[in-house]
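Hi everyone, thanks for coming. Let's take a short walk through one protein model together. Please have a look at it before I start.

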Amino acid sequence: MNKEFTMQGGTPITPELATDLRKLVFGTAAIPMRAEWLQTSFVFGAPPKEELAYGLRSPRNATRGLLSVVQGFILKYLLFARKNSRSTATNDPLLATAEMQRDALFSALIEILRTISDKGKVTIVLPSEEEVFVDHSASYFHDTVTEKLYTFTLSPNDELEHFLKRNFKYFTEEETPGTLLFLYSAVLTRSMGKVRTDLDSTKSSPLTMSNHEEGSLMIVTLLLTGRATPYIHNGVINVGDENSYAVAQYGVLKRCMVGLLLWDIESTSAAVNQSRQPGSRLKTPNYPIWITSCTGHYGVIFNRNPDLLRNYHAESRFDVNYYSCSGHQILMTIDNRTYNEQALVMLERQPITPESTSVAGKPAKDEAVTAGGAAAGAGVAGAGGGVGGAASGASSGNDVVAKEESMLNTPLQRLIHTKWEEATISFHVQPSMLSYLFSTTQ
């Protein structure tokens with residue numbers, strides 16, 4: 001027995017638990033899981049104090065969704081939760097020092113586990129080096145990690161912090177199964193029975209089931225909300241028809257600290273795309289940080305202003321960063337001013353008469369259509385005038401037009417429009433980067 005682990009209260013995993021855990025997470029214990037789960041840990045991609053020092057990095061694989069959620073909580077700590085001293089107040093929190101990197105990752109893992117535990121006990125797993133507690137067989141294929149695990153049950157406060165500090169290396173050393181250990185810990189903290197219920201037991205899908213290479217949406221919802229639900233609407237919806245009993249679909253039950261935005265190229269129908277959209281508890285989180293799933297690629301969008309989502313004027317025009325764990329960042333400016341100003345002018349010009357107002361107090365249909373067309377026309381005219389002014393009499397203007405046209409309707413732009421529908425988006429990056437980030441090669 002591992003003396004160090006037993007002294008910390010560890011219990012060797014049983015064959016039954018190992019088999020059930022593999023089946024719940026990966027669908028079967030008879031074949032090994034994908035190799036990236038055994039080789040991907042939580043590693044920062046840039047040296048301390050350099051550009052992108054805040055960002056985790058990994059190859060494109062099934063751990064990206066999990067890593068992106070942890071990245072979101074890392075940013076929450078660096079931008080909004082870190083205690084500033086005089087020496088750090090003037091420094092850019094994104095140019096993280098080695099100490100800041102460690103503290104941010106530690107805080108992120110702790111916060112996620114506490115969210116899942118919901119004030120209950122937290123379970124963490126760690127692997128022994130040599131001991132094996134499950135025999136290799138036709139029903140259980142060794143994966144070099146699961147059959148070697150010790151489980152630890154901890155209180156979610158000081159005991160959890162002391163334990164994780166002492167064993168932090170198991171999650172952060174390169175080419176170790178840090179992401180797998182954290183995923184197992186999250187599942188056992190939630191409890192396997194509750195995770196099965198979250199996943200909708202009528203479908204019998206494993207937690208990692210996904211059509212996309214970068215991982216399952218249920219892993220993301222487990223880490224963001226504490227529940228591994230495939231449903232991202234607000235609250236509970238009862239689904240059924242006259243021939244069957246209504247079945248409750250449990251979505252997001254409370255507003256999240258970090259949000260979620262989603263756009264899938266397969267959603268060609270506007271109605272279908274809308275039905276798959278997150279509810280307001282994910283679209284409008286407590287902090288201006290969103291995990292993003294865009295055509296199957298995970299990333300994080302964030303803004304530095306903690307009051308962005310609490311102040312109408314702050315959302316008129318603001319910058320956001322998009323970061324992918326491929327190690328790339330895109331700066332964007334989101335401008336809602338034209339839409340807001342046009343809406344205000346329309347309201348001011350609208351005469352308040354019985355003929356022009358519906359029962360609900362909204363403009364009548366014909367007038368609404370005209371106003372919508374005018375708004376759209378004004379938006380196009382304004383954009384055209386701006387480009388035309390820049391292009392008139394100069395060949396460089398043609399390049400500006402070509403660049404802007406090449407950026408129209410990019411996946412990232414469509415993703416942004418799921419949150420800010422009428423915004424004008426300026427990308428401060430070459431168009432080739434937008435194509436590269438959402439290709440299948442990076």
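Predicted model: local features only at pLDDT ≥ 70, side-chain atom pairs only at ≥ 80, totals over all residues.

Residues are numbered from 1 along each chain as its sequence is written, and side-chain values use heavy atoms, with hydrogens and water left out.

Let's begin with helix α4, residues 64–81. Helices here are DSSP runs of H or I with at least four residues, strands are E runs of at least two, and both are numbered from the N terminus. The expected span of a helix is 1.5 Å times one less than its number of residues.

How many residues of α4 are buried? It is 17 of the 18, where buried means under 20% relative accessible area, exposed over 50%, and partly exposed in between, with a 1.4 Å probe and protein chains only.

Now helix α9, residues 178–190. All 13 of its 13 residues are buried, so α9 is largely enclosed by the rest of the structure.

On to the rings. The structure holds 13 aromatic pairs: rings of Phe, Tyr and Trp (its six-membered ring) with centres within 6.5 Å, called stacked if the planes are under 30 degrees apart, edge-to-face if over 60, and tilted otherwise. In one of them, F42 and F182 have ring centres 5.9 Å apart and planes at 90°, so this pair is edge-to-face. F42 lies in the loop between α3 and α4 and F182 in α9, so the pair ties together parts 140 residues apart in sequence. F42 is buried, at 2% relative accessible area, and F182 is buried too, at 1%. Elsewhere, ring pairs link F5, F133, Y150, F152, F163 and Y170 into a cluster.

Last, the second largest pocket, with about 800 Å³ of space. A pocket is an open set of points on a 1 Å grid over the protein atoms alone, where a 1.4 Å probe fits, with protein on both sides within 12 Å along at least five of seven lines; lining residues have an atom within 4 Å of a point. Of its 25 lining residues, N211, L217, M218, P230 and R276 are the closest to its centre.

Conventions
Points joined across faces, edges and corners; volume = space filled by probe spheres on them.
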